[in-house]
Amino acid sequence: PPLFFLRVDWSLIRAAVVRVMTEAGIPKVLFLGETGSGKSALCNALAHQVSSLQSRNTNHKKPFPETALNPDNIGNDEVVIKNVQLLGGREPVTFIDTVGSNSSEISNAAVSNMLVSLKYDCKSVNLFVIVVKAPVTRMDAALVECIEMFESLFGKDNFWSNVVVIFTCLQQSREQIERRQASIPDDKSVTEFGHLLQTKFKRRESVPVIILDSHYNGDKDDERKSFIAEAGNFFRILQSTKDKAVSLEDLSPVLDKYNGLKEEYEKKLREKEEELKNAKKRAKEFKKVASKIGAAAIAGTAIVGAIAAAVALRNPKAITISVPAIIAGTEIVFKEIDDMDSSDDEE
C-alpha cells in the first residue's frame with residue numbers, strides 16, 4: 001500500500017471523478033457577457049452565499065477569478081468550469097464562466113479555448129445566463145456579437161428557450177431603490193432591456209430578467225434578503241430547464257466568421273487530444289499498479305475517491321457516506337479509467 005500511494009497519479013483520479021460527474025445529468029449553467037459585467041462575481045456569490053464585497057476582506061477562496069479584484073485576469077482566455085452547490089444546497093450544479101467580451105473583437109484564442117472546453121468538458125448546457133451590468137440604455141455591439149455566437153453554436157431556438165438575463169450592480173437597499181424611483185425605476189429597466197432583446201434578435205417570446213447584486217452588503221437585511229429571494233427565482237428557472245439540456249450544433253458558422261479562428265481552434269484541439277492521449281497512457285499504468293495491490297489498497301483508494309468526490313462537489317459532508325457507497329463510487333471511477341483505456345486501444 002505505501003508504494004501504491006507513491007505511484008498513483010491523483011490527477012487522473014480527480015479527472016475521472018469530474019468526468020463522471022459531468023456526464024451524470026448535473027444541470028449546467030453557462031454565464032456570458034461583457035468584461036466587467038460581474039459574471040465571475042455572480043458565480044462566486046451564487047455558489048457561496050458570500051457577496052464579492054464581503055469576501056474582499058476575508059480569506060474566502062473564490063473558485064471563479066474576478067477581474068474587478070485582480071486586473072491581471074483581464075484578457076485571460078481560459079473558460080472556468082466548476083461543480084458547485086447553488087446557495088449551499090445539496091444538489092451539485094456546473095457553472096461555466098466564459099471569457100468576457102469587450103468593445104474590441106473577441107480574440108481567436110478566447111473563442112477556440114471556449115469551443116474546446118465545451119466540446120470535451122461540458123457537452124451540453126441547461127441554462128444560458130446573459131449577465132448585464134445595470135443600468136443599460138442600449139445594446140452594446142460586443143454583447144450582441146457574443147449572443148449571436150452562442151445562437152450559432154447551440155441554435156437560435158435552443159438558446160432563447162433556455163435563457164435568462166441577470167442585472168448586476170443594482171444595489172438593492174431601500175435607499176437606493178427609492179433613489180432610482182425618481183429617475184429610472186428598476187422595473188422599468190428590466191422591462192426596457194427585455195424589449196431591447198426582443199427587437200434586436202427578433203424574438204416574439206419575452207425573456208426573463210432578474211436582478212442579482214453580487215456585491216450586496218450582507219450586514220444589511222434588505223440587501224441580503226433581496227439577493228436570497230432573487231437567487232431563489234434563478235434556481236426555479238434552472239429547475240424548469242432540467243430536462244431541456246441543449247448540445248453544440250454545427251461549429252462551422254463560428255469557425256468561418258473570424259479570420260484565423262479555424263486554425264487556432266484546430267491547434268487547441270490537437271493540444272487537448274494530446275493531453276487526453278497522455279491521460280490514457282497514465283490510465284494503463286494506473287491499472288497495472290492497482291491490479292498488483294489487491295483489495296486492501298482498493299479499499300484505501302475508495303476512501304480517497306470519496307474525498308476527491310467531496311472536493312469536486314464542494315461538499316465535505318459527502319465524505320460521511322457508507323462504506324458500500326464509497327466502494328461503489330470508486331468502482332465507477334475505475335470504470336471511467338477503464339473506458340479511457342479501452343478507447344485508447346480502439347485508436
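This is a predicted model: local features need pLDDT of at least 70, side-chain atom pairs count only at pLDDT 80 or more; totals for chains, interfaces and linings use all residues.
Good morning. The model before you contains an open sheet of six strands, ordered β2-β3-β1-β5-β6-β7, with mixed pairing. Strands here are DSSP runs of E with at least two residues, helices are runs of H or I with at least four, and both are numbered from the N terminus. Two strands pair if DSSP finds at least two bridges between them. At the edges stand β2 (80–85) and β7 (209–211); each has a single partner strand, so one side of each is left without a neighbour in the sheet. From one strand to the next, the twist averages 25°.

Residues are numbered from 1 along each chain as its sequence is written, and side-chain values use heavy atoms, with hydrogens and water left out.

Within the sheet, β1 (residues 28–33) pairs with β3 (residues 92–97) in the parallel sense over four bridges. Lys28 stands opposite Thr94 in β3.

Which strands does helix α9 lie across? Helix α9 (residues 186–200) lies across β5 (127–133), β6 (163–168) and β7, at about 140° to β6. Angles run from 0 to 180 degrees between N-to-C directions, with axes fitted to C-alpha atoms, for helices over the stretch in contact; contact means heavy atoms within 4.5 Å. Helix α10 (residues 221–240) lies across β1, β3, β5, β6 and β7, running at about 150° to β5.

Overall, the protein chain has 14 helices and eight strands.
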